[in-house]
Amino acid sequence: MKKSKKLVNNQVSFQGLENKTIVLGISGGIAAYKCLDLISSLRGMGANVHCVLSHNAHEFVTPLSLSTISRNKVHTNNFEIKDSWQPEHIELAKLADLILIAPATADIIAKLAHGICDDLLTTFVLASKAKVLIAPAMNPNMYDHPATKHNLSILEHKLRYQIIAPEFGEMACGDIGYGKMAQISSIAQIVASRLEVHGSLFEKKILITAGGTREPIDPVRFIGNRSSGKMGIAMADAAYARGADVTLVSTVKVERSYPVILVETAQEMQESVESEFDTCDALIMTAAVADFRPLFVSVHKIKKSDSEDFTLDLTQNPDIIDLLGRVKRENQIIIGFAAESEELLSNASQKLKRKKLDLIIANDITVPEIGFGSDDNAVIILSNDGNKETLPRMPKRAIAEHICDILASRFLEIKELTLH
Ligand code: CTP
């Protein structure tokens, strides 16, 4: 399997853009200053980045900083005398595996929609057959304007360019609304997935659960467990970084660019997972779901009584993964986790079979310093085709990347099977 990962600050990051050339078109908006970070991200993923500036972009970012960060000459002028005999727009057009226009102003969007070629940037885009991604950034009223909407629709539907939707927020001018350029990490992830690099999960809908459920006893107390949610969140981040359409159902509050549904109890988790399950390609149940909940939840705080003993009646919670394993479509993938304190392999393989899972990720919770609450873990991955893989201690994100690799290969197998 081709390796496309590297360790940065003890975190594994997904690369995958080696040998890919991205031509970054920068038009004249305030968000142009963010291009320096964007170039760094793309280069960090292995890409070779060439920048083309529109005339106005010079006002916001300098060719010197762009060429220093990209480590390539910056292209600005259509009629420059240079070493190569080929016109610059044709040379750039052939060089690009992918064209990314970020930021894309209302002006460049309008020009591209109507085939206007009045500078190097517009000319080379028209001359190229590469995929084009557009990351608009402008004032909310300009973004909302029917002319811009119409032009974006031409780009998206007629020319098949992919629009990376801007985000909501406060603009440099102080206005609030949609128009902020998408986050650099999101743009970089979409670039990777559009290039269909190895291990991509582009357009796969992946539902992930994280954390430990809490089952209320009274308004103050609950039955809980030690799960920190770190593994599930690492799973969701890794899948999102590979272009997946991620939904995280979590008992732990996190701010992310993908949707996070906050739940508390096993029943709430079941409800959220079931409502998303039909449309998902894979379910990854990382959460530690309480097997039992109090039969009755006291409305008031339970008081100490004179008796030495206190009995709490419990009733069984639904086994979410088990129920969904029974109704899953043939091409849906279900992955479970098993934290065991004894008989690791036999317990995990029984769960794999009993719950009709595709994979189970098993870990031994008796090993000190890894597991619950830790940033690291060591796991054994058992798969329904009989494979067994042992991953030594490593960051949870690295384990998540490994699971994403397996998931991406499974999706490829499914795709090949449906094609034949
Ligand atoms: N799981 C679930 N619903 C439950 C319990 C567990 O969906 N009510 C899922 C977990 O998210 C995990 C897998 O089942 O992916 C295995 O969880 P685990 O607690 O190890 O399995 P149990 O079947 O509960 O077995 P036991 O607690 O007896 O070890």
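## Before we start

Residues are numbered from 1 along each chain as its sequence is written. Because the model is predicted, local features need pLDDT of at least 70, side-chain atom pairs count only at pLDDT 80 or more, and totals for chains, interfaces and linings use all residues, while side-chain values use heavy atoms, leaving out hydrogens and water.

## Two domains

Let's begin with the overall layout. The protein splits into domain 1 (4–197) and domain 2 (205–294 + 311–419), with bounds that come from an automatic or database domain assignment. Taken over C-alpha atoms, the centres of domain 1 and domain 2 are 37 Å apart.

## The largest pocket

The largest pocket holds about 940 Å³ of space. A pocket here is an open set of points on a 1 Å grid over the protein atoms alone, where a 1.4 Å probe fits, with protein on both sides within 12 Å along at least five of seven lines; lining residues have an atom within 4 Å of a point. Its volume is the space filled by probe spheres set on the points, which are joined across faces, edges and corners. There are 43 lining residues, and A287, A288, V289, F337 and A339 are the closest to the centre.

Several elements give two or more residues to this lining, including α9 (230–241), α11 (320–327) and β18 (333–340). Helices (H or I, at least four residues) and strands (E, at least two) are DSSP runs, numbered from the N terminus. Strand β18 gives the largest share, 5 residues.

## Around the ligand

A polar side-chain atom of K351 is 2.7 Å from a ligand oxygen. Polar backbone atoms take part too: one of I321 lies 2.9 Å from a ligand oxygen, and one of F337 lies 2.9 Å from a ligand oxygen.

## Two backbone details

Look next at A102 and P103: the peptide bond between them is cis, with omega near -5°. P103 sits in strand β5 (residues 98–104).

R160 has a positive phi, near 60°, and is not a glycine. You will find R160 in the loop between α7 (146–158) and β7 (162–163).

Notes
A polar contact is a pair of N or O atoms within 3.5 Å; within protein, one must be able to donate a hydrogen and the other to accept it, and residues adjacent in sequence count only if both atoms are side-chain atoms.
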